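Dear colleague,

I am handing over to you the structure shown below.

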Amino acid sequence: MNNKEIIDLIAEACDDKRAEDIIALDMNQVSLVADYFLICHGNNERQVQAIARGIKDMMDEKGIHVKRMEGFESARWILVDVGDIVCHIFHKDERNYYNLERLWGDASRVALQLGQEG
């Protein structure tokens, strides 16, 4: 499974938990941290945790190792490290404050396949 297929799975897991404003950034040309960032937010701590859990469950189901998950207890900004893909699940207030999309504005957006069966 390639990174584009994995990021689509992650986006699907986020969408299943009603994450809002799901975007993916291609970080290959702008950062050595990861090949892709996936960014989304939830409206409260419970939803943020559910989104992170949904990503972990989806990756486990597909046999993909989640290296690390940080920030789960406070649920204001959870980072899920899936190797070449780093997922940032924000509480909506923190997302507006940190504005990673602007910080990494040189990164191009990746088209996501959401709401499609197959």
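In this predicted model, the side chains of strand 5 are divided between two directions: Ile85, Cys87, Ile89 and His91 point one way, while Val86, His88 and Phe90 point the other way, and all are buried. In a regular strand, side chains alternate between the two faces of the sheet. Strand 5 covers residues 85-91, and seven of its seven residues are buried, so the rest of the structure largely encloses it.

Strand 5 has the following partners. Strand 2 (residues 36-42) runs parallel to strand 5 and is joined to it by seven bridges; here His41 stands opposite Phe90. Strand 4 (residues 77-82) runs antiparallel to strand 5, with six bridges between them, and Val80 stands opposite Cys87. Strand 4 and strand 5 also form a hairpin with two residues between them. In its turn, Gly83 has a positive phi of about 80°.

I turn now to the helices. The axes of helix 1 (residues 3-16) and helix 2 (residues 45-61) come within 8 Å and cross at roughly 135°, which makes helix 1 oblique to helix 2. The crossing is right-handed. Helix 1 contributes Ile6, Leu9, Ile10, Glu12, Ala13 and Cys14 to the contact, and helix 2 contributes Ile51, Gly54, Ile55, Met58 and Met59. By class, this contact has nine nonpolar residues, one polar and one charged.

With kind regards

Key:
Residues are numbered from 1 along each chain as its sequence is written. This is a predicted model: local features need pLDDT of at least 70, side-chain atom pairs count only at pLDDT 80 or more; totals for chains, interfaces and linings use all residues. Side-chain values use heavy atoms; hydrogens and water are left out. Axes are lines fitted to C-alpha atoms, for helices over the stretch in contact, and angles run from 0 to 180 degrees between N-to-C directions. Helices (H or I, at least four residues) and strands (E, at least two) are DSSP runs, numbered from the N terminus. Angles under 35 degrees count as roughly parallel, over 145 as roughly antiparallel, 65 to 115 as roughly perpendicular and the rest as oblique. A crossing is left-handed if the near helix is turned anticlockwise from the far one by less than a right angle, and right-handed if clockwise. Contact means heavy atoms within 4.5 Å. Ala, Val, Leu, Ile, Met, Phe, Trp, Tyr, Cys and Pro count as nonpolar, Asp, Glu, Lys and Arg as charged, and the others, Gly among them, as polar. Buried means under 20% relative accessible area, exposed over 50%, partly exposed in between (1.4 Å probe, protein chains only). Two strands pair if DSSP finds at least two bridges between them.
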